[in-house]
Amino acid sequence: MLRRLFPLLAATLVGGIIALAALGKVPIETDLLAMLPSTERDPVAEQAMAQLARAHERRIVLLAAADDNARTRAGAIALAAALRRSDALKGVTLEVPAGALDAVLATYLPHRFGLLSAATRSALIAQGRERLQQDAYRALTSPIPAPMAVPREADPFGTLAGFLADLPFAGSGFMPEDGILMARQDGRSYALLSAETAGSPHAASTQQAVLAALAQARAAVAAEAPGVDVDATGLVLYAAAAQDTARHEMSLIGGLSLLGIAALLLTVFRSLRPVLLGVACIAVGVATGIGAVLAIDGRLHLLTLVCGTSLLGIAVDYPLHYFAKRRLAGAGWQPAAAMAAMRPALTQGLLTSLIGYTALLVMPFPGLRQIALFSMVGLAAAYAATVVMLPLFAQQPDGRAAPRLGVLRQAGIPWRRLLHRRSGWLIAIAVVASLPGLARLHHDDDVRLLSAPDAELARQEARIRQLTQIGQGSRLFLVQAPEPEQLLQREEALTDALRADNPQHGGFVAVSAFVPSEQRQADNRRLLDTALFGADRWGEAVLDEIGYRPAVARALVRSLRAERALTPDDWFRQPVAQAYRHLWLGPTASGVASVVTLTGQWPAEVLSAAADALPGVTLLDKPAAVSALMGQYRQGMAGALACAVAVSLVLLSRRHGWRGAAATLAPCVLAVSLPLAVLGYLGTPLTLFHWLALMLVFGIGADYGIFTREGGAHGEAALGVLLAAITTVLGFGLLAFSTTPAIASFGLTLFMGVITAFLASPLAARRETA
């Protein structure tokens, strides 16, 4: 009863997964970093990275660009209007909110004497108060109005104006022009817009809706303001491109694999039944793997999905051996007896494959665990489908086997004989030839090798970042202190150090740039008081020379000496400050914390030196941390592979003896070693995904050795191994053409390993069958 119920349950599962996929209900994760574990041991550091990600993940930044301001403005207005008509986006911002700049000025004006730009402060410290006189004359004669015009009598020396011009949001080059942020560069005019996605940027429905909205908006701009270019960047756009690539590659690679496997089975077995049953076993394995991942993780990663198509090349091995045996049995075919004879080899093959995957499953690496879970459950389901379903649906003998397969059975005999007679010499030659390649092996764990972002999206993003100075968020400083005042002081020490090193490297955004510490504000007031209204009353003389009334000087002195400090609470009450709220983490278990983000191209050694020299400052470099972690797991995977070989040797020795177990594993050991040598000769740096591929090669090579050992170096074993190798190459080899570098290296390594395992499989045969 259970044996007949299994096909019904399997069909229901497969049909359910197909229906969910067709309806777009399978949640697919496109963020490659989501496959990686936490890189920070400090929970505050993880909080900082998560808060920064939440602040930016839904954001989209757009530029409208043309050769003149009028056309750019018209295009930007049309773009904003079109985007606001879409339900996929919210918070579309083009115009500077009415009164926002006035509110900023009203916030800073009562605290103006404690607010100095870095250049003004340095000049005053160096006794360069003549610069203040130059700024006072420049403010009187400049024909260009400032975006936030400070009343001249309140700021005659331009110190507050200089501070405002030094603010991070003022340093991007975009200035309000008739309510729209505009900039000019290289003879072109730019308008800046921003928006947020209404849904999660990782949801397929959100991605499609946003892409449709952008397409309609670009069409509206082209119709209303011809000649205006629109650039856009945002996580949702990269996620959509990655999702599209994953779907395309999955359908192409998986489709070609299925077509190739089906064509092979039809050619060899001359019947549609083996094709359908083979595809059914594969479908059960893949559907069960997807179901297990969704049940445990709730989301299927695109890398798991694409790598999972390679499961076709392993899962099909099980029915292939069954149908090869049936094809060669002729009229004497007995399905139950044939499956009973095959079951030990099938079970050993499954166990050795699961041993290899178990090493990945126990690693604290979400991506590898998901791939291992998918593969282990999928292979176990394919095994169960083979054992249960095939004897039920392939009971009749196939009398057409002998005449057509005789050539296939005889084709490999010379090679098998050569391996048996000269195996020692051939292995020695292979080892000697491999040593120079193995000696040239080197590794590269850079996480950026995991993906190849869409070239057009990368170009648009680079353009937007260059104009807006938006930080990338992958490298930042975490600053911690017992209380807010000390936190701001530590931020100032950090930004002073970065500014002193080389301002050409790039910029930074910190809360202390908007709100200096109370100590810094007091120092600034003291510097101004000494320079302007000290014993020589130099400032009063300058003001009198310029033409200001004496009452202005007296009012400045009173305001300066009665002024209180600006606080973070004062600043964050302003609407414009909400865009920087994520920089202030607030209370933590040990006090308070904030982050300082970076723009530009800062050398890693400069950032590390700044963090090491200052208390409470930690550099969070996500790419570097993940790359280091990948290096650790790469080393762990190499050790796990060696352990898998050792455990498999012990497991197989119980059935075949130590010598027989060593012979059985010889194909998989060679299949792991020779691809490494080839990669060394090619000068290709090894990554974690090369080792992941080698882990799979180990399982495949062990399967070939076990079936050859159990069934002989020729007959149905040789045919089964041949067909398994071809189908595996169809499944794995095509991955080498993926546009994702990690998947391409995965596929190439598997291709070389499978070919090696097949050619070396006769080494596992018993001597008496040679």
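Two notes on how the values were made. The model is predicted, so local features need pLDDT of at least 70 and side-chain atom pairs count only at pLDDT 80 or more, while totals for chains, interfaces and linings use all residues. Residues are numbered from 1 along each chain as its sequence is written, and side-chain values use heavy atoms, with hydrogens and water left out.

Overall figures, then. The protein has 30 helices and 13 strands. Helices here are DSSP runs of H or I of at least four residues, strands are runs of E of at least two, and both are numbered from the N terminus. Of the 770 residues, 52% are buried. Buried means under 20% relative accessible area, exposed means over 50%, and partly exposed is in between, with a 1.4 Å probe and protein chains only.

Helix H3 runs over residues 69–84, which is 16 residues, and reaches 22 Å from first C-alpha to last, close to the 22 Å expected at 1.5 Å a residue. The expected span is 1.5 Å times one less than the number of residues. The buried residues of H3 include Thr72, Gly75, Ala76 and Leu79. What do the buried residues of H3 pack against? They pack against strands S2 (59–66), S3 (89–93), S5 (180–185) and S6 (188–197), and also against H8 and S7.

Buried in H8 are Thr206, Gln207, Val210, Ala213, Leu214, Ala217, Ala220 and Val221. These residues cover an arc of only 155 degrees around the axis, which puts them on the same side of H8. The arc is taken from the directions from the helix axis to the C-beta atoms. On the other side of H8, Ser205, Gln216 and Ala223 are exposed.

Next, salt bridges. The rule is a side-chain nitrogen of Lys or Arg within 4 Å of a carboxyl oxygen of Asp or Glu, and by that rule there are 17. One of them joins Asp231 to Arg459, with the closest N and O atoms 3.3 Å apart. Asp231 sits in strand S7 (residues 229–234) and Arg459 in helix H19 (residues 455–468), so this pair ties together parts that are 228 residues apart in sequence. Are the two partners buried or exposed? Asp231 is buried, at 12% relative accessible area, whereas Arg459 is partly exposed, at 42%.

Helix H19 also holds a local pair. Arg465 bridges to Glu461, with closest N and O atoms 2.8 Å apart. The two are four residues apart in H19, which means about one helical turn separates them. Glu461 is buried, at 18%. In helix H22 (residues 518–533), Asp523 and Arg526 are three residues apart, again about one helical turn, and their closest N and O atoms are 2.5 Å apart in a salt bridge. Asp523 counts as buried at 18% relative accessibility. There is also a network of salt bridges linking Asp67, Arg188 and Asp229.

Last, some single residues. Thr728, in helix H29 (residues 716–733), is buried with a relative accessible area of 0%. Gly506 lies in strand S10 (residues 506–509) and is partly exposed, at 25%. Leaving aside neighbours within four places in sequence, Gly506 contacts Thr599, Gly600 and Trp602. The C-alpha atoms of Gly506 and Pro603, 97 residues apart along the chain, are separated by 9.8 Å. Finally, Ile427 is in helix H18 (residues 423–439) and is partly exposed, at 34%.

Key: Contact = heavy atoms within 4.5 Å.
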